[in-house]
Amino acid sequence: MSALRIGVLAYPGCFASEVFGVPDLLTMATHIAGPDHVGYEVSIVSPRRRVAASGGTALAVSPLRDVDVLVVPGFELAPGLDVDAKLASLAPEVAAIRSHASAGNVVVSICVGAFLLAQAGVLHGRRATTAWLFADELARRCPAADVQPERLVVTDTGVTTTAAFSAMYDFALELIREHSGARVARSTARMALVDDARSSQTPYVDAHLLPRPGNEFSRRVMRRLDQNLVARYDLGALAADFNVSTRTLLRRFADETGQSPLDYLQASRVRRARHLLETTGRTVASISAAVGYQDAGTFAALFTRHTGRRPSDYRAAFRRGPA
């Protein structure tokens with residue numbers, strides 16, 4: 001059995017930490033596995049002779065070569081960036097990704113590296129993920145892909161995509177688990193202080209950073225729901241407040257936001273509950289009542305469905321300040 005050949009595709013403006021994050025974790029795994037283990041042969045490759053990463057950091061690169069796994073890091077997707085122009089400037093890298101995938105080899109993207117995979121046509125007809133903040137944009141650019149914004153790592157027929165930044169470690173641990181075994185993966189996670197039990201990026205979503213969906217009508221409905229978070233949901237009364245029928249309310253709200261008022265209300269209640277779990281010592285039952293649920297079991301089930309964690313587990317992971 002030969003070493004697993006891994007190439008990290010460096011390109012202008014890529015995040016240097018995402019170039020070296022996976023190789024560094026694989027190096028740790030190699031040490032843990034011991035000298036008799038067949039490990040990893042890692043190279044930083046590029047179709048260019050010189051590459052400067054985000055922030056101007058110069059990267060030493062090797063020419064493109066045959067590898068078993070090609071890892072594509074993300075780039076700085078700053079506000080106002082012309083993404084079309086950025087992707088057009090990376091035509092040599094996009095061609096390399098397409099060629100590698102066409103040969104039947106594994107392709108992996110980190111964070112918004114998925115945009116390069118989409119540009120190469122690699123995500124067509126596949127399930128994929130990316131950073132939650134940019135998932136809608138990826139879905140808009142690649143409608144033929146099934147973008148799953150709640151997932152940390154998605155693998156579909158030889159193509160793996162990951163969520164933002166630290167999800168490169170979730171991918172690397174999966175790779176270590178497959179190639180070096182569960183013991184080595186578990187020990188590597190402990191050594192690096194990396195969480196090897198994550199399954200969703202939903203708990204990390206900050207709704208304040210997401211663009212506010214909808215037009216004026218739906219925004220007014222949202223404000224009304226937010227202002228009456230604890231009140232019992234009454235679709236008829238809500239429609240009457242806006243002088244429309246329930247059917248019209250549901251249709252207009254769905255047209256503008258892609259969801260129902262009840263879906264929005266439940267998500268808003270979960271956001272409030274997350275804040276209370278993070279910043280207060282109130283009991284789960286008290287928080288449940290504070291966001292409109294007298295039955296703590298119903299609240300816990302809803303919270304778990306939205307965040308992937310039970311309220312008590314969420315508090316343990318994200319509590320701010322003293323316990």
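A residue counts as buried when its relative accessible area is under 20%, and as exposed when that area is over 50%; the close-ups below use these terms for a predicted model.

View 1. Helix α10, residues 246–257, has 12 residues and reaches 16 Å from its first C-alpha to its last, close to the 16 Å expected at 1.5 Å a residue. L249, F253, E256 and T257 are buried in α10, and, seen down the helix axis, the buried residues fall within an arc of 80°, so they line one face of the helix. R247 and D255, on the other side of α10, are exposed. The cover over the buried residues includes α8 (216–227), α9 (235–241) and α11 (261–279), and just after α10, G258 takes a positive phi of about 80°.

**View 2. The aromatic pair of F217 and F242.** The ring centres of F217 and F242 are 5.9 Å apart and the planes stand at 70°, so the pair is edge-to-face. This pair links distant parts of the chain, with F217 in helix α8 and F242 in the loop between α9 and α10, 25 residues apart. F217 is buried at 4% relative accessibility, and F242 is buried at 11%. R252 lies over the face of F217, at 3.9 Å from the ring centre.

View 3. Y293 and F299 form a tilted aromatic pair, 6.2 Å centre to centre with 35° between the planes. Because its relative accessibility is 11%, Y293 counts as buried, and F299 likewise counts as buried, at 1%. Y204, Y293, F299, F303, Y314 and F318 form one aromatic cluster, while R269 lies over the face of Y293, at 4.9 Å from the ring centre.

Terms used
Residues are numbered from 1 along each chain as its sequence is written. This is a predicted model: local features need pLDDT of at least 70, side-chain atom pairs count only at pLDDT 80 or more; totals for chains, interfaces and linings use all residues. Side-chain values use heavy atoms; hydrogens and water are left out. Helices (H or I, at least four residues) and strands (E, at least two) are DSSP runs, numbered from the N terminus. The expected span of a helix is 1.5 Å times one less than its number of residues. Buried means under 20% relative accessible area, exposed over 50%, partly exposed in between (1.4 Å probe, protein chains only). The arc is that of the directions from the helix axis to the C-beta atoms. Contact means heavy atoms within 4.5 Å. Rings of Phe, Tyr and Trp (its six-membered ring) pair if their centres lie within 6.5 Å; planes under 30 degrees apart count as stacked, over 60 as edge-to-face and the rest as tilted. A charge sits over a ring if NZ of Lys or CZ of Arg is within 6 Å of the ring centre and within 35 degrees of the ring normal.
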